[in-house]
Amino acid sequence: MPADLGARLREALAPTSDEIVAEIQSRIPEYARSRDPQYLRVTRTSVERALNAFLGRIGEPHPRVAELHAEFRAVGAGEAHEGRSLDSLQTAMRSAAVIAWRRITMMSETLELSRQQISVLGESAFLFLEEIAAAATEGYNRAKASALDELQRRRGRLLNLLLADDSPNIEAVFDLARAAEWRVPSRISVAVLHNTDPDSAAAPMLPPDTLTDFNRADPCVVVPDPDGPGRLRSLELALRDWRAALGPTVSITEGAASLSRARDTLELMRSGTIGGTGVVRWSDHLVPVMLCSDAELVRAMARNRLAPLYELRPVQRDRMADTLLVWLQVGFNANEVAQRLHVHPQTVRYRLRRLEQLFGEWLRDPDHRFELELVLRARRLLPQLGETPGQEPGAERDPT
C-alpha cells in the first residue's frame, strides 16, 4: 500500500462517522436514542476509534492490538450492562463496515487505488471487523456471566435469609429481593430434594421465580405461592429425576419452619416410612410425621400402653397387635376385622377375648382406646417399637 494511503483515507472518511451513527440508529430500534447526547458521543467515539485503528494499520507491520481489543471488550461489556442484545451490537458493526467500505470504493479512482489494492483493502477491512467483533463479543459474554453470577450470589443470600432460624426482618427481605430481582410473594413453601440418580450431576431446570441452593447437604428450593394453579405440577415436571418433600405453606418470614417440616418428611421418605414418588407434601402425611417426630417419646408410650402384649411370644404379639388396631379402627366389629385380616371370624373372637384378658378396663375407656390406637399406628410406622421389651417381671403396671 502507498505510505500515505492511511492519511488520505482518514481525510476522506472524516464525514463518515456521522453517517454511520445515523444509519445505526435508523436500522436498529435499540439504538434509537438521538435525544441522549452522552450516548451519541459514546457511539460516535466508538465508530471513530474503529476507523482510526483500521487506517492506522495500513503499512504497519506490527500493530498494537492489546489496547484496541481491551477497548472493544469494554464496548461489548457496556452493551451488556445496558441490556441490549449481542445481535444488535453485531448488526451495528456490520452496518458501520458496509458504509465505510462503500465510501472507500466510491473514492477509489480519486485515491488512485488499483484493483489489487482495493481487493487487499477490502479483505483487511472485513478481517478487522471480525477481530473487533470478537473482542466485543468476549466483553459482552464476560459481563453477562459476571452479572449472572452476582445475581445468583444475591439470590443465594436471599434464600439463606428466608431460611434463617431467626425470623428475618421483612424490610431486609424486600431490600435483598430487589437486589436479587425477585418478586416477593405473600406465601412460600420450602422443598428439600434427594437425587434419585447419583450418576447425574445436572441440577434440574426449575421455574425462574424459585430460589435454589444445591450446595447444601440436602438441596432445597424456596417455592413462591406454592398453592397457585399448576405450581405443583410444574415443580413435579422439573424434579422428575429427584425425590422432593414439600413443607407447609407459610408466610415470607417463616421459611425455617417449612424447611424443618420438609426435612422431617424427606427423612421418612428415605426410610420407607412414607411412600410415593416425585413431590410429596408434608401436609398429606401429618400423622406419620407427628408419630415419628419424637421416636423416644413414642417408644416410652408404647412401653407403657402396650406392656400387656410383651407377655406374649413375638409372633403372637404381632397378630394380637394387628387385630387390636383393626378392631379399634372399625368400631369393634369382629366380622369386619375378620374380613380385613383375612382370617376366620371365630379366630378374631378368640383373639378379642384374649385382648380383653390382657387389657381389661383399658378397652372400655375412650381415652385409653385413643392412646392404644395411636401407639399401634406408630408401631406400624416404626417397626422397632415391636421389639421394645416389656417391663421387668414383677414390675407394677400403671392401670391407667
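Me: At what angle do helix α11 and helix α15 pack, and how far apart are their axes?
Reply: Helix α11 (residues 295-305) and helix α15 (residues 366-381) pack at about 125°, and their axes are 10 Å apart. Axes here are lines fitted to C-alpha atoms, for helices over the stretch in contact, and angles run from 0 to 180 degrees between N-to-C directions. This is a predicted model: local features need pLDDT of at least 70, side-chain atom pairs count only at pLDDT 80 or more, and totals for chains, interfaces and linings use all residues. Residues are numbered from 1 along each chain as its sequence is written, and side-chain values use heavy atoms, with hydrogens and water left out.

Me: What do you call the way α11 sits to α15?
Reply: The angle of about 125° makes α11 oblique to α15. Under 35 degrees counts as roughly parallel, over 145 as roughly antiparallel, 65 to 115 as roughly perpendicular, and the rest as oblique.

Me: Which residues make that contact?
Reply: On α11 they are V298, M301, A302 and R305, and on α15 they are H368, E371, L372, L374, V375 and A378. Contact means heavy atoms within 4.5 Å. By class, the residues of this contact are seven nonpolar, one polar and two charged. Ala, Val, Leu, Ile, Met, Phe, Trp, Tyr, Cys and Pro count as nonpolar, Asp, Glu, Lys and Arg as charged, and the others, Gly among them, as polar.

Me: And is R305 buried or exposed?
Reply: R305, which is found in helix α11, is buried, with a relative accessible area of 14%. Buried means under 20% relative accessible area, exposed means over 50%, and partly exposed is in between (1.4 Å probe, protein chains only).

Me: OK, back to α15. How does α12 pack against α15?
Reply: α12 and α15 pack at about 125°, with axes 10 Å apart, and are therefore oblique to each other. In this pair, α12 passes α15 in a left-handed crossing. A crossing is left-handed if the near helix is turned anticlockwise from the far one by less than a right angle, and right-handed if clockwise. The contact takes in R317, D318, A321, D322, L324, L325, V326, L328 and Q329 of α12 and R369, L372, E373, L376, R377, R379 and R380 of α15.

Me: What classes are in the contact of α12 with α15?
Reply: Seven nonpolar, one polar and eight charged residues.

Me: Which way does α12 cross α13?
Reply: Here α12 passes α13 in a right-handed crossing. α12 and α13 pack at about 125° with their axes 9 Å apart. The residues in contact are D322, T323, V326, W327 and Q329 of α12 and V337, R340 and L341 of α13.

Me: Which residues of α13 are buried?
Reply: In helix α13 (residues 334-341), A334, V337 and A338 are buried. They cover an arc of only 100° around the axis, so they sit on the same side of α13. The arc is that of the directions from the helix axis to the C-beta atoms. What covers them includes α12 (314-329) and α14 (345-359).

Me: Why would residues a few places apart point the same way?
Reply: Because an α-helix has 3.6 residues a turn, residues three or four places apart point the same way.

Me: What about helix α1, which residues are buried there?
Reply: L5, G6, L9 and A12 are the buried residues of helix α1 (residues 5-12). They cover an arc of only 125°, which puts them on the same side of α1.

Me: New topic. What's the phi of H342?
Reply: Phi of H342 is near 60°, a positive value in a residue other than glycine. H342 lies in the loop between α13 and α14 and is exposed, with a relative accessible area of 71%.

Me: And where is D225 found?
Reply: D225 is in the loop between β3 (220-224) and α8 (231-238). Helices (H or I, at least four residues) and strands (E, at least two) are DSSP runs, numbered from the N terminus. Phi of D225 is near 45°, also a positive value in a residue other than glycine.

Me: Last one, what is N160 in contact with?
Reply: Leaving aside neighbours within four places in sequence, N160 is in contact with D213 and R216. N160 lies in helix α6 (residues 115-162) and counts as partly exposed at 40% relative accessibility.
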